[in-house]
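The tour moves from one selection to the next and says what to look for at each stop.

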Amino acid sequence: MKKFIKTCCLLMVALLSITLVACGEQVLWQADFTKGNQNVFGVYGTPEENKEKGYVRLSPVANENYSSSTYFGKNTEKNFPWEKGGMTVSLTVQVNSEELSAGKYSVWSLALNETDGKYITELPVFFMGDETGVHFLYKFTGVENDYDALKNDEKTVKIADGKYTVNYSFTVNDKDEVIVKVTLNNEANTEVFKSENNNITVIDHEGYEANAIIKQSNIAGLRYLWLARTNAPVNVFGLKVVK
């Protein structure tokens with residue numbers, strides 16, 4: 001009898017484990033920087049690899065204020081296919097207030113493609129330094145911006161040194177409109193920033209008016225994630241796309 005009960009308990013634990021995995025995230029693509037850059041980041045500049053610590057270091061291109069971008073793996077079509085119902089892009093970086101000091105900034109921009117494979121919009125997040133530390137903000141605005149003004153935005157949060165994960169979470173409402181929520185989590189997975197659930201709107205594409213709401217039927221997928229503006233190096237520890 002005891003053996004039977006033990007067997008049943010083990011079976012229940014196994015079934016529970018399978019259920020939890022099934023309910024968890026489905027990884028669609030993930031970088032493994034313990035194996036080096038592996039062509040994840042490129043186009044502009046040459047990432048420095050640190051396989052032992054599991055990161056790549058992106059620095060500004062000489063005499064410029066931008067750095068590398070990614071098409072999420074070997075993606076010659078510059079489009080990572082959209083998942084029906086939405087998806088999440090997660091980027092893990094290290095914040096170092098000594099490198100991201102007063103006057104320094106790093107701006108990441110995630111771009112989307114229309115169904116014809118051409119750019120339609122992008123969503124920037126801002127890491128900005130000053131004498132008091134490092135500040136973070138997501139705002140639907142230009143990557144080339146008045147960073148001093150953005151640091152004083154009511155939504156901006158001050159963050160300590162450490163690793164942080166930016167999550168772009170896309171969902172779709174009952175009108176087929178794509179909604180984005182951007183969060184920032186620290187190394188303990190505590191949420192330190194959360195944006196509103198906002199519609200995504202058009203920036204530039206033939207046949208659309210600027211600021212038109214983008215529907216799921218308008219999107220082919222992710223175009224790029226680009227360190228579009230930076231005057232400081234950034235260590236990237238993780239990048240993945242999940243369902």
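## A guided tour

Begin with T70, whose side chain reaches the backbone oxygen of V40 at 2.7 Å, a polar contact in the sense of a pair of N or O atoms within 3.5 Å, where within protein one must be able to donate a hydrogen and the other to accept it, and where residues adjacent in sequence count only if both atoms are side-chain atoms. The T70 side chain also reaches the backbone nitrogen of F72, at 2.9 Å. This is a predicted model, in which local features need pLDDT of at least 70 and side-chain atom pairs count only at pLDDT 80 or more, while totals for chains, interfaces and linings use all residues. Residues are numbered from 1 along each chain as its sequence is written, and side-chain values use heavy atoms, with hydrogens and water left out.

T70 sits in strand β5 (residues 69-70), strands being DSSP runs of E with at least two residues, numbered from the N terminus. T70 is buried, with a relative accessible area of 0%; buried means under 20%, exposed over 50% and partly exposed in between, using a 1.4 Å probe and protein chains only. Leaving aside neighbours within four places in sequence, T70 is in contact with V40, F41, R223, Y224, L225 and L239, contact meaning heavy atoms within 4.5 Å.

Next, select F72, W108, F127, Y168, F170, V236 and L239, which have the most contacts inside the largest nonpolar core, a set of 62 residues. Such a core consists of buried Ala, Val, Leu, Ile, Met, Phe, Trp, Tyr and Cys residues joined through side-chain atoms within 4.5 Å. Strand β16 (residues 219-230) gives the most to this core, with 7 residues. Centre on V236 and, leaving aside its neighbours within four places in sequence, look for its contacts, among them F33, F41, Y55, L91 and W108.

The structure holds 1 cavity of 30 Å³ or more, a cavity being a set of points, on a 1 Å grid over the protein atoms alone, where a 1.4 Å probe fits but cannot get out, with lining residues having an atom within 4 Å of a point. To find the largest cavity, select its lining: V93, Q94, V95, N96, E99, L100, S106, F127, P233, V234 and N235. The elements that give two or more residues to this lining are β7 (88-95) and β17 (234-242), and the largest share, 3 residues, comes from β7.

Move on to S195, in the loop between β14 (191-194) and β15 (198-199). Is S195 buried or exposed? With a relative accessible area of 10%, S195 is buried. The S195 side chain reaches the backbone nitrogen of V182 at 2.8 Å, and, beyond neighbours within four places in sequence, S195 is in contact with Y138, V180, K181 and V182.

K51, between β3 (48-50) and β4 (55-58), counts as partly exposed at 44% relative accessibility, and, leaving aside neighbours within four places in sequence, is in contact with F33, T34, K35 and G36. V43, in the loop between β2 (41-42) and β3, has a positive phi of about 70 degrees although it is not a glycine, and is exposed, with a relative accessible area of 55%. N189, in the loop between β13 (178-186) and β14, likewise has a positive phi, near 65 degrees, in a residue other than glycine, and counts as exposed at 60% relative accessibility.

Methods: Helix = DSSP H or I, 4+ residues; strand = E, 2+ residues; numbered from the N terminus. 1 Å grid on protein atoms, 1.4 Å probe; cavity = no way out; pocket = protein on both sides within 12 Å on 5 of 7 lines; lining within 4 Å. Points joined across faces, edges and corners; volume = space filled by probe spheres on them.
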